[in-house]
Amino acid sequence: MITKLDEEVNMLNRHVEILRLVIDNEPIGIVTMSNETGYAHHKVRYSLRILEEENLIDPSSQGAITTEQTNEFVEKLDTRLDEVESKLIEMKIENPL
């Protein structure tokens, strides 16, 4: 149960890291992102596909670029992560049996 959550958090972290690279370096290609992050090309491609499905990036002939929705997502990201963190903290069992 926790292992699956950990895997999802790691994947979300990768997606956000790739999004940061696009924001800071647009347009940027897969090879550059892979070299910068150390992630395999197929993992970068998957993250780009997810970000594109969420309308946070668009492909271009020079590489990935941000969209009109990117800023709104980034502005709300910290708040959303704080909300998730609060839920996780509430789940803790302080005094185990």
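**Polar contacts, salt bridges and surface patches**

The side chains of S47 and H15 make a polar contact at 2.8 Å. The model is predicted. S47 is found in helix 3, which spans residues 41-53. The relative accessible area of S47 is 0%. S47 is therefore classed as buried, the cut-off being under 20%.

Helix 3 also contains E53. Here the relative accessible area is 55%. E53 therefore counts as exposed, a class that begins over 50%. Helix 3 thus holds the buried S47 and the exposed E53. E53 belongs to a negative surface patch.

Two salt bridges were counted in the model. One joins E8 and K4. The closest N and O atoms of this pair are 3.6 Å apart. Both residues lie in helix 1, which covers residues 2-25. E8 and K4 are four residues apart, about one turn of the helix. E8 has a relative accessibility of 38% and is therefore partly exposed.

The side chains of K76 and E72 form a salt bridge as well. The N to O distance is 3.0 Å. This pair lies in helix 4, residues 70-91. K76 and E72 are four residues apart, again about one turn of the helix. Both partners fall in the partly exposed class. The relative accessible area is 47% for K76 and 45% for E72.

A nonpolar patch also lies on the surface. Its members are M1, I2, L5, V9, V84, L88 and M91. Together these residues have about 740 Å² of accessible area. Helix 1 and helix 4 each supply at least two residues of the patch. M91 is one of the patch residues and is placed in helix 4. With a relative accessible area of 59%, M91 is exposed, because the cut-off for that class is over 50%.

The buried S47 contacts H15 through its side chain.

Technical notes
Residues numbered from 1 in each chain as written. Predicted model: local features only at pLDDT ≥ 70, side-chain atom pairs only at ≥ 80, totals over all residues. Heavy atoms only, no water. Patch = residues over 30% accessible without salt bridge, like charges linked within 9 Å, V, L, I, M, F, W, Y side chains within 5 Å. Areas by Shrake-Rupley, 256 points an atom, 1.4 Å probe, with all protein chains shown as cover. Salt bridge = Lys/Arg side-chain N within 4 Å of Asp/Glu carboxyl O. Lys, Arg positive; Asp, Glu negative; His and termini not counted. Charge placed at Lys NZ, Arg CZ, Asp CG, Glu CD. Buried < 20%, exposed > 50% of the residue type's maximum accessible area, 1.4 Å probe, protein only. Polar contact = N/O pair within 3.5 Å; in protein donor to acceptor, adjacent residues only side chain to side chain.
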